[in-house]
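Me: I'd like to learn how to read salt bridges in a model. Could you walk me through them?

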Amino acid sequence: MANKVAIIASNGDLFSAYKVFNIATAAAASDSEVTIFFTFEGLNLIHKQGMHGLQVPAGREAVAEGFEKANVPAVPQLIEMAQDLGVKFIACQMTMDVMGLTKEDFVDGIDVGGAVTFLEFAKDAAPTLTF
């Protein structure tokens, strides 16, 4: 079995960002090949402007403040850490087309592809996770 971790990021809130990038960086630091497929609201996690205003689930503001108090890196730093560890980012072409977005709307270093692109990677990944 390959040492691959496939992650689908389809939610675009702050908590989803921390889940996605925590798992991705931990797996990459453990010598796994990691690819994240960003689709629908998940594109917010790598959107140049969107990543700075990710929503916090209602009633969970204290947890968001806890991230800061615990010195957990902010989302832009988590993205940089993931990319430095070799995590591959794929932005969903179909979702980008529907939302009128281009590659330039996102952080540098991403790939753009469809579900088939991601599935080619994920077919022998274990685990495959969705957030």
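Me: Which side chain meets Lys4 in a salt bridge?

Reply: Side chains of opposite charge can pair when their charged atoms come close. A salt bridge here is a side-chain nitrogen of Lys or Arg within 4 Å of a carboxyl oxygen of Asp or Glu. Lys4 pairs with Asp124, at 2.9 Å from N to O. Lys4 sits in strand 1 (residues 4-9) and Asp124 in the loop between helix 5 (115-122) and strand 5 (128-130), so this pair ties together parts that are 120 residues apart in sequence. Helices (H or I, at least four residues) and strands (E, at least two) are DSSP runs, numbered from the N terminus.

Reply: A note on the source: this is a predicted model, where local features need pLDDT of at least 70 and side-chain atom pairs count only at pLDDT 80 or more, while totals for chains, interfaces and linings use all residues. Residues are numbered from 1 along each chain as its sequence is written, and side-chain values use heavy atoms, leaving out hydrogens and water.

Me: Is Lys4 buried or exposed?

Reply: Lys4 is buried, at 12% relative accessible area, whereas Asp124 is partly exposed at 35%. Buried means under 20% relative accessible area, exposed over 50%, and partly exposed in between (1.4 Å probe, protein chains only).

Me: How many salt bridges are there by this rule?

Reply: Three. Another joins Asp111 and Lys88, with the closest N and O atoms 3.6 Å apart; Asp111 is in strand 4 (residues 111-113) and Lys88 in strand 3 (residues 88-92), 23 residues apart. Lys123 and Glu120 also pair, at 2.7 Å from N to O; Lys123 is exposed at 60%, and Glu120 partly exposed at 47%.
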